[in-house]
Amino acid sequence: MHVLGVDIGGSGIKGAPVDLARGDLAEERFKVLTPHPATPDAVAESVREVVDSFGWSGRPVGVTFPGVVTSGTTRTAANVDKSWIDVDTAALLGARLGSPVTVVNDADAAGIAEMTFGAGRGRTGTVILLTFGTGIGSAVFIGGRLVPNTELGHLELGGHEAEKRASTKAKDDHDLSWHSWAHRVQKYLAHLEMLFSPELFVIGGGVSRKASKFLPLIEGLKAEIVPAQLLNNAGIVGAAMAARSAMAARPATADRSAIRDSAAAPTAVAGFAD
Ligand code: BGC
């Protein structure tokens with residue numbers, strides 16, 4: 001089965017139909033630059049461009065968003081235009097695309113994909129996936145089930161918001177060496193370990209491609225730490241999986257113009273592969 005996944009990021013909006021049996025893109029992805037200002041209306045138009053490029057209409061679409069998403073409504077906007085707060089994004093996109101749309105937090109989407117097809121496959125204890133980029137995203141799994149919208153990047157650490165100190169943007173902004181940045185990430189992971197005692201940390205985001213530069217510098221944690229495996233496509237794959245899951249949970253009579261759903265839809269990892 002194929003479902004279209006779209007990943008909304010700060011620099012690009014990319015999407016592709018996803019083969020849910022393989023957890024991989026069924027076609028080459030299509031990407032447009034994120035409009036500026038990235039208002040809901042402008043972004044909706046870009047999402048439409050991506051979706052239209054696949055001639056995809058009337059069929060389910062999953063979309064990631066870099067903020068809290070509950071019942072299809074975007075609730076926070078730490079690194080995006082503040083006009084997204086309290087927008088019924090599932091309805092907005094559903095109307096624009098003429099397709100049922102499921103909206104899910106970007107890190108939750110990446111986590112869903114990694115738990116089924118990547119680094120977290122078969123892991124049943126507490127697993128924390130973190131995405132390092134402009135901010136820090138988090139996805140927490142317990143017994144293979146997602147606890148949505150955990151937002152652990154906003155924890156305070158040493159008087160600062162963790163994502164302001166340890167995101168890859170912070171590394172670039174402050175011109176930190178791999179060593180100094182890894183030291184900050186280590187402190188952050190140690191804090192998370194104290195709170196959650198996970199068995200595994202999965203490190204995602206673009207920086208996961210450079211894991212050999214910093215993972216060996218992170219020491220002293222009990223949990224295993226591994227890089228994500230799906231790299232750039234985790235968000236697209238996870239968005240499509242969330243859309244399929246919402247579709248399965250939806251009563252047959254539900255309005256097809258918009259699914260008021262989010263990652264809170266059933267997320268048992270075993271339920272995702274098709
Ligand atoms: C947002 C999260 C998001 C993360 C990564 C944070 O600033 O609050 O919702 O997952 O950035 O994009």
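Which helix supplies the largest share of the lining of the largest pocket? That share, four residues, comes from helix 3, where helices (H or I, at least four residues) and strands (E, at least two) are DSSP runs numbered from the N terminus. The model is predicted, with local features needing pLDDT of at least 70 and side-chain atom pairs counting only at pLDDT 80 or more, while totals for chains, interfaces and linings use all residues. Residues are numbered from 1 along each chain as its sequence is written, and side-chain values use heavy atoms, with hydrogens and water left out.

The largest pocket holds about 1,000 Å³ of space. A pocket here is an open set of points on a 1 Å grid over the protein atoms alone, where a 1.4 Å probe fits and protein lies on both sides within 12 Å along at least five of seven lines; lining residues have an atom within 4 Å of a point. Grid points are joined across faces, edges and corners, and a volume is the space filled by probe spheres set on the points. Of the 47 lining residues, Gly-9, Gly-10, Asp-106, Gly-133 and Thr-134 lie nearest the centre of the largest pocket. Because domain 1 (2-106 + 233-273) and domain 2 (109-231) both give residues to the lining, the largest pocket lies between them; the domain bounds come from an automatic or database domain assignment.

The second largest pocket has about 160 Å³ of space, and helix 5 (residues 168-173) gives the most to its lining, with three residues. Among the residues that line the second largest pocket are Phe-132, Gly-133, Trp-178 and Arg-209.

Turning to the ligand, the residues around it include Pro-66, Gly-67, Asp-106, Ile-136 and His-154, each with a heavy atom within 4 Å of the ligand. An oxygen atom of the ligand is 3.0 Å from an N or O atom in the side chain of Asn-79, and for the side chain of Asn-105 the corresponding value is 3.0 Å. For the side chain of Glu-163, a ligand oxygen atom is 2.9 Å from an N or O atom. The protein covers 93% of the 310 Å² of accessible area that the ligand has on its own, by the Shrake-Rupley method with a 1.4 Å probe.

Two backbone details remain. A cis peptide bond, with omega about 0°, joins His-36 and Pro-37, and Pro-37 lies in the loop between strand 4 (30-33) and helix 1 (40-52). Asp-86, in the loop between strand 7 (73-74) and strand 8 (87-88), has a positive phi of about 70° although it is not a glycine.

How values were computed: Polar contact = N/O pair within 3.5 Å; in protein donor to acceptor, adjacent residues only side chain to side chain.
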